[in-house]
Amino acid sequence: PSTYYLTCNTTAEPFNNADLRRGISLAINREAICKTIFKGTRTPADGIVPPGIDGYKEGAWEFCAYDVDKANEYLDKVAPAGANGDRGISVTLSYNQDGGHKEIMESIIGDLAKVGVTAVSDTPEWSALLEQYQNFNYQFGRLGWIADYPTLDNFIYPNFYSTADNNYSRYANAEVDAAIDAARAIADEDERKDAYRAINKMVADDMPIIPIMFYCHSH
């Protein structure tokens, strides 16, 4: 089980503003991407944790819903739309062109244009792109996470613990770190699961990444 998502550099403008991240997420039509590009073989993501992982909860990330009106509400907090609908916000979307990502990114760019956000493409080779992520020299870009273990921790710790290697959003929330440390020390399965669900909600409110779709590897 895997999650395809956009990582946001939460330390750099304009993505250091959570309302921008929420608004962009709400503007993306995940259903259209899954149905049109993937002929229904992928599922719109409603969070970082995919179905099949013990503890998955449907609709865990409220800002993963497709809601253009609500997207405009959050984006208005960042930059109100002008008479022509343009907000004067231009963002750079980084992705590697191999692997079929171009069509997905073009769909997202089109969705953002509908809410007055201009997105321009940055398309280096994968090795160069990864270096940009590692150096936090980007605004937002394509990534994916494939389960190593079928646990909630395996999706939350690597992506959101402040010092984790895969935390390319540079998300740092001391409360989340402390909650993850505490959850990792819980021996009882149900109690630990509840703790991770609460952490998942904390991260969902901050929206440091933008989940797009869930997928498995098909042969």
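Which residues lie nearest the centre of the second largest pocket, and how many residues line it?

## The second largest pocket

In this predicted model, the second largest pocket is lined by 13 residues, and those nearest its centre are Tyr-4, Arg-42, His-101, Arg-142 and Tyr-215. Its volume comes to about 160 Å³.

Strand 5, spanning 140-146, and helix 4, spanning 101-113, each contribute at least two residues to the lining of the second largest pocket, with strand 5 giving the largest share, four residues. By residue class, the lining of the second largest pocket consists of seven nonpolar, four polar and two charged residues.

## The largest pocket

The largest pocket holds about 230 Å³ of space, and among the 16 residues that line it, Lys-57, Ala-60, Arg-197, Asn-200 and Lys-201 are the closest to its centre. Helix 8, which covers residues 189-206, provides the largest share of this lining, namely five residues. The lining of the largest pocket is made up of six charged, six nonpolar and four polar residues.

## The nonpolar core

The largest nonpolar core comprises 62 residues, and the residues with the most contacts inside it are Leu-6, Trp-61, Ile-108, Phe-140 and Ile-212.

For Leu-6, when residues up to four places away in sequence are not counted, the contacts include three of those core residues by name, Ile-108, Phe-140 and Ile-212.

Conventions
Residues are numbered from 1 along each chain as its sequence is written. This is a predicted model: local features need pLDDT of at least 70, side-chain atom pairs count only at pLDDT 80 or more; totals for chains, interfaces and linings use all residues. Side-chain values use heavy atoms; hydrogens and water are left out. On a 1 Å grid over the protein atoms alone, a cavity is a set of points where a 1.4 Å probe fits but cannot get out, and a pocket is an open set with protein on both sides within 12 Å along at least five of seven lines; lining residues have an atom within 4 Å of a point. Grid points are joined across faces, edges and corners, and a volume is the space filled by probe spheres set on the points. Ala, Val, Leu, Ile, Met, Phe, Trp, Tyr, Cys and Pro count as nonpolar, Asp, Glu, Lys and Arg as charged, and the others, Gly among them, as polar. A nonpolar core is a set of buried Ala, Val, Leu, Ile, Met, Phe, Trp, Tyr and Cys residues joined through side-chain atoms within 4.5 Å. Buried means under 20% relative accessible area, exposed over 50%, partly exposed in between (1.4 Å probe, protein chains only). Contact means heavy atoms within 4.5 Å.
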